[in-house]
Amino acid sequence: MRATLIYGAGDVRIEDVPDPVLREPTDALVRVVRSCICGSDLWPYGSRPATGAGDRIGHEFLGVVEEVGRDVSGLAAGDLVVAPFVWADNTCDFCREGLQTSCRHGGMWARDGIDGGQGEAVRVPQAQGTLVKLPVAEDSALLPSLLALSDVFPTGHHCAVTAGVHPRTTVTVIGDGAVGLSAVLAAKRLGAERIILMGRHKDRTDLGREFGATDVVAERGAEGVERVRELTGGDGTHTVLECVGLKPAIETAFAVVRDGGTVSRVGAPQYPDVPADFGVFLRNITLTGGVAPARAYIDELLPDVLEGRVEPGKVFDRTVTLDQVPDGYRAMAGRSALKVLIRP
Ligand SMILES: [Zn+2]
């Protein structure tokens, strides 16, 4: 079969790799129907040292079960399923607490010999705990929004939930990438009425408004902080959803959060130290967030997607075939595409 491999910064190739086979009785084989490129894939795409050897890549996919191991129940060949971006048994103590990203028997896609999602098929470890059955056909128009359940929408949701967003909370979302826009959608879904989106790409912030943003602040840095403060009577918002991961974004987050408020970050931090100084301490700011346990949220979010109450799949603005995946990476890295869907 064919799959995407990353060889170094800016060097993504489609190559033949061995067909996956069942190795453990808890495995399933899934033929990939839709996959996509994540903003976090752009970190290795921007900086991975070239080693001469390629690594599989991709951690968001949905597909059709082709075969299951003898210990897998509740799934059968022919089922359409979505995979969260971390695989997990869904039964250990961490999983029962809703923290499948810390599963004692789980792990990441495209690491340690596990397949990546950007290919034609995947061996899924801990299949019974990992995969969620989708009650639609593989040609459903809902596939983009269902695929968004693998990572981007639950990540935005996790940001809103950990920040404590509810109908009476004011919200600032930092970042107009796919995660930031998903955080807007999630905050709106949780009932927030005032959602300020900080982003400077008009086509993206327009989608943010469609998702529920009430105000858009295109300015950055001190000017952006000033604008949010103006919009909130000088106080800032109760919650700030930081969906970028760069140091200026977390600095802005602390500057626009209201005293006693909460900053949640789901942009994978590309900085070693959180700039939470004595001033932040004096203002009683809570910092929360982290990697989203997508599996914990899919059951709750799925009905809203199936019934069309939310359409997180609108973040996909380009579709490519597997052969065109290198173009998809270039487009996302060059910001000409928001999020790229792959039809293998
Ligand atoms: Zn577990």
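Begin by selecting A53, which sits in the loop between α1 (42–47) and β4; helices here are DSSP runs of H or I with at least four residues, strands are DSSP runs of E with at least two, and both are numbered from the N terminus. This is a predicted model, in which local features need pLDDT of at least 70 and side-chain atom pairs count only at pLDDT 80 or more, while totals for chains, interfaces and linings use all residues. Residues are numbered from 1 along each chain as its sequence is written, and side-chain values use heavy atoms, with hydrogens and water left out.

**The loop and the open sheet**

A53 is partly exposed, with a relative accessible area of 42%, where buried means under 20%, exposed means over 50% and partly exposed lies in between, for a 1.4 Å probe and protein chains only. Show its surroundings and you will find that A53 touches I6, Y7 and R48, not counting residues up to four places away in sequence; a contact means heavy atoms within 4.5 Å.

Next, colour the open sheet of three strands, whose order is β2-β1-β4 with antiparallel pairing; two strands pair if DSSP finds at least two bridges between them. The edges are held by β2 (11–16) and β4 (55–56), each with a single partner strand, so one side of each has no neighbour in the sheet. Strand β1 (residues 2–8) joins β2 in the antiparallel sense through six bridges, and within this pair G8 stands opposite D11 in β2. Then bring in helix α12 (residues 325–333), which packs on the sheet by touching β1 and β2, and whose direction makes about 160° with that of β2; the axes are lines fitted to C-alpha atoms, for helices over the stretch in contact, and angles run from 0 to 180 degrees between N-to-C directions.

**Strands β3 and β9**

Move on to strand β3 (residues 28–36), which pairs with β9 in the antiparallel sense over four bridges, and note V30, standing opposite V122 in β9. Strand β9 (residues 121–124) is covered on both faces, with A121 and R123 buried on one side and V122 and V124 buried on the other.

Still in strand β3, select V33, which is buried with a relative accessible area of 7%. Its C-alpha atom is separated by 6.9 Å from that of V64, 31 residues apart along the chain. Leaving aside neighbours within four places in sequence, the contacts of V33 include L62, G63, V64, L80 and I342.

**The nonpolar cores**

Which residues have the most contacts inside the largest nonpolar core? They are L62, V173, L241 and V315, in a core of 47 residues; such a core is a set of buried Ala, Val, Leu, Ile, Met, Phe, Trp, Tyr and Cys residues joined through side-chain atoms within 4.5 Å. Helix α6 (residues 178–189) gives the most to this core, contributing seven residues. Apart from it lies another core, of 17 residues, with I174, I196, V228 and V256 among them. Centre the view on L241 and, not counting residues up to four places away in sequence, its contacts include C159, V165, V173, A183, A187 and S264.

Now select helix α8 (residues 221–231), where the buried residues are G224, V225 and V228. Seen down the axis of α8, these fall within an arc of 100°, so they line one face of the helix; the arc is that of the directions from the helix axis to the C-beta atoms. The elements covering them include β11 (170–174), β12 (194–198), β13 (215–217) and α9 (247–256), whereas A222, E223 and E230 are exposed on the other side of α8.

In helix α7 (residues 202–211), select T205, which counts as buried at 6% relative accessibility. Beyond its neighbours within four places in sequence, T205 is in contact with D176, L197, G199, R200 and V216.

**The cysteines**

Finish with the cysteines: a search of the whole structure finds zero disulfides, a disulfide being a pair of cysteine sulfur atoms within 2.5 Å. C38 is in no disulfide, and the nearest cysteine sulfur, that of C36, is 7.2 Å away. C38 is buried, with a relative accessible area of 8%, and C95 is buried as well, at 4%.
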